[in-house]
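Let us read this structure together, one feature at a time. Take a look at it first.

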Amino acid sequence: MPTKVIMPQLGESVVEGTVSKWLKRVGDSVEEFEPILEVSTDKVDTEIPSPAKGVILQIYVPEGTTVERGVLLAMIGQPGEAVPEAPDKVAAGTKNHEAAKNEHVHFQGNGVGKSQRYSPVVARMAAENKIDLSQINGTGLGGRVTKKDVEVFLEQRQGGAQSVEKAGEIPPWEQPIEGDLFKPTDEIFAKASGRSAPAATATPRTSGTPSRPAPAPQGQPGQLIPHTTMRRAIAEHMVRSKLQTAPHVTTVFELDMSRTMAHWKASLEDYAKQGVKLTLTAYFMTALVQAVRAQPLLNAQWTDDGLFVHHMINVGMAVALPEGLIVPVIKNAQDLNLMGLARQVSDLAARARSKALHPDDIVGGTITLTNHGVSGSLLATPIINQPQSAIVGTGIVQKRAIVLEDSDSIAIRPMMYATLTFDHRVADGAMGDAFMRAFKDTLENWS
């Protein structure tokens, strides 16, 4: 009897995933527990193992399709076994990737109360070019308006503008708009995420062609590298954090790492005997926990109703991968000593680089640490990982000549720059500096 391959529950809060790649095709032999496909959720790719030994008899969900948990993906059995056509459950729980995005963004229509669902790209293009999307006939799934539909509309409108301008008239789409018909991009994304949008500011109407995303250069030597799902997720997240959500401010401190470096070098062998790779990141994690204890408001999340202060300290740890950045989370870091943090740092970093993270490994963070010094960076101003309120950055440790204040003498010490970038809605400079003083004191006075 054939065995069903079902979309599993990939995490506590993950109810759907996108089939990014089938590792096996119809007719291929598979062993039990052998990976047969990859499923993408946000920035994590998870391999789905075969539930049985046999051959792939049927694949119901193609690559690039988003499905809910419990949906039938494929059938495995013996050669020649009969399998059913796609069950209703497959059709009901399946949607293409663009349609999956459409569920998260709404855009108000032409003032008659009609509300449609559009992808973030379509909504953004409409806001930037002052387009009433209800005037466009969609060619996508279920009549949805696609990016191509908007581009065609803009080309047609531009052609009409040339003939109108010849007559010395102002085209209708350049006329001032009455009423709240076209909401700014910030408001679109704020509505989708449940946050309030920043106050709108009046923007004077400018003449000329509306701004559009830059197209790929034509007729020039080069190569167009398509954006990966991970790269697009990073781009959207960073733009939303920096430009649409939080007013960023950064404070910079210089640290004397002499005591920490001495302890690290003296402890490497002992930790290695216990199977733990001790890195400076574990020390930074310890200092960050102490800083949060001193200034807990920076371990918080801004909401419309007030500031939600987390009682646990879940530290996100930025890990650089060839295809982008991912941030696994050390849960309840306040309960771990240096040994426990070092073990967690080593485990998460190794699993991130081997693509063995689970979806739950990258959610639930309350504050983030990025140790950009591992790549030689001296100083950086990281972007806040929403919906958090702060991110700590640590640069490379370098020996420098400094003046010792107690003796007015010059000494060579291992020095490091550390930064705190925080949401200015949540805290002011004094609180940010107090946080960094606690971070600095922990590392400079390590015993």
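Q: Start with Phe 33. Does it count as buried or exposed, and at what relative accessibility?
A: Phe 33 counts as exposed, because its relative accessibility is 62%. The cut-offs are these: buried is under 20% relative accessible area, exposed is over 50%, and partly exposed is in between, with a 1.4 Å probe and protein chains only.

Q: What should I know about the model and the numbering?
A: This is a predicted model: local features need pLDDT of at least 70, side-chain atom pairs count only at pLDDT 80 or more, and totals for chains, interfaces and linings use all residues. Residues are numbered from 1 along each chain as its sequence is written, and side-chain values use heavy atoms, with hydrogens and water left out.

Q: Where is Phe 33 placed, and what is its phi?
A: First the general idea. Most residues other than glycine have a negative phi. Phe 33 has a positive one, near 75°. Phe 33 sits in the loop between β3 (29-30) and β4 (35-41). Helices (H or I, at least four residues) and strands (E, at least two) are DSSP runs, numbered from the N terminus.

Q: What is the phi of Asp 408?
A: Asp 408, also not a glycine, has a positive phi near 55°. The loop between β21 (398-404) and β22 (409-423) holds Asp 408. Asp 408 counts as exposed, because its relative accessibility is 66%.

Q: What is the order of the strands in the open sheet of four?
A: Two strands pair if DSSP finds at least two bridges between them. Here the order is β1-β8-β6-β3, with antiparallel pairing. β1 (3-6) and β3 are the edge strands, each pairing on one side only.

Q: How many bridges join β6 and β8?
A: Four bridges join β6 (residues 54-59) and β8 (residues 72-77), in the antiparallel sense. Take Val 55: its bridge partner in β8 is Gly 77. β3 and β6 are antiparallel too, over two bridges. There, Ser 29 stands opposite Val 55 in β6.

Q: How many aromatic pairs are counted?
A: Rings of Phe, Tyr and Trp (its six-membered ring) pair if their centres lie within 6.5 Å; planes under 30 degrees apart count as stacked, over 60 as edge-to-face and the rest as tilted. By this rule there is one aromatic pair. Tyr 283 and Trp 446 form it, edge-to-face, at 4.8 Å centre to centre and 65° between the planes. Tyr 283 is in helix α8 (residues 280-294) and Trp 446 in the segment after α10 (429-444), so the pair ties together parts 163 residues apart in sequence.

Q: Are Tyr 283 and Trp 446 buried or exposed?
A: Both Tyr 283 and Trp 446 are buried.

Q: How many helices and strands does the protein chain have, and what share of its residues counts as buried?
A: The chain has ten helices and 22 strands. Of its 447 residues, 42% count as buried.

Q: What share of the contacts joins residues at least 24 apart?
A: Contact means heavy atoms within 4.5 Å. Among contacts between residues at least 6 apart in sequence, 62% join residues at least 24 apart.
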